[in-house]
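Keep the picture in view as you read.

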Amino acid sequence: LSFFFFAILAIHPNTFGFEDHLYFKLPVIALVVITILNDGCIISIAYDHVKPSHTPEKWHFTEIFVVAVVLGGVAVVSSLLLLYWGLNTNEPTSILKKFGMSELDYGQVCTMIYLKVSLSDFLTVFAARTTGAFFSRLPSYHLGIAAMVAMGASTVLSHYWDDILDLPEMKSLTWKWIGFVWAYCLVWFFLQDIIKAITYWTLYKMNIGSEAHHQGLMAKKEKVVMKRDNRRALTHESVMRGE
């Protein structure tokens, strides 16, 4: 939603030569497909692998809010940048042409953004499920299969859009463009995961969030154990002295 809000405010297709399109928007059917596939992927998180905590859990809304804003912010920035580049492919100085990419019409730009938003949504799930690197905890096969099905369906649909849905607002992408979007999303996914890990580390250093909470509880537990052991040692020493 943030991406579409900022895209409407800041990026106008008519300024790039697409005179019939004042604002950028995706067809409703594209949003519905994204929602269905994304929801199916997210539901599978209920069967994901987790590490049980050694201390009681509690909600840390500051941590949740900050991490959500960071993850979502990275995805929004990457989508806006790709939209700008996609609309600018008709210019000789287009950065995408330097990568050997062909010019896109407006319908193909819409399909490209559809694929990008779909892949980013699914990849963000893998970044959000861990506090460290995304590979620090392997996903369950439920989540893995759901993600592969969702991303595979989005990829195939982007190439065969004209044959499957045949809607004038969007047009099929070549496999070369689909490969570029995949590579683009993966690069931003790695960057997103690094920024997420830095965010969690910063929150921990500020004594904010679940990790700081667990460390605090463990420190208190160690103090209690130490005091108990000291009392036992003093009692044992007193008994041995006959006091």
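In this predicted model, α6 has 19 residues, and at 1.5 Å a residue the helix should span 27 Å. The C-alpha atoms at its ends are 27 Å apart, so the expectation and the model agree.

Now look at how α2 meets α6. Their axes come within 8 Å and cross at roughly 165°. Angles over 145 degrees count as roughly antiparallel, and α2 and α6 are therefore roughly antiparallel to each other. Their crossing is left-handed. The table shows who makes the contact.

| Helix | Residues in the contact |
|---|---|
| α2 | Val33, Leu37, Gly40, Cys41 |
| α6 | Leu143, Ala146, Ala147, Ala150, Ala153, Ser154, Leu157 |

Let's step back to the nonpolar core. The largest one has 56 residues, and those touching the most other members are Phe3, Phe24, Leu83, Met112 and Tyr114. Two or more residues come from each of α1 (2-10), α2 (28-43), α3 (61-87), α5 (106-128), α6 (141-159) and α8 (175-205). Of these, α5 gives the most, with 14 residues. In soluble globular proteins, nonpolar side chains tend to be buried together.

What does Met112 touch, leaving aside residues up to four places away in sequence? Its contacts are Leu82, Gly86, Leu104, Leu173, Trp177 and Val181.

How values were computed: Residues numbered from 1 in each chain as written. Predicted model: local features only at pLDDT ≥ 70, side-chain atom pairs only at ≥ 80, totals over all residues. Heavy atoms only, no water. Core = buried A, V, L, I, M, F, W, Y, C linked by side-chain atoms within 4.5 Å. Buried < 20%, exposed > 50% of the residue type's maximum accessible area, 1.4 Å probe, protein only. Helix = DSSP H or I, 4+ residues; strand = E, 2+ residues; numbered from the N terminus. Contact = heavy atoms within 4.5 Å. Expected span 1.5 Å × (residues − 1). Axes fitted to C-alpha atoms, helices over the stretch in contact; angles between N-to-C directions. Parallel < 35°, antiparallel > 145°, perpendicular 65-115°, else oblique. Left-handed = near helix turned anticlockwise from the far one by under 90°.
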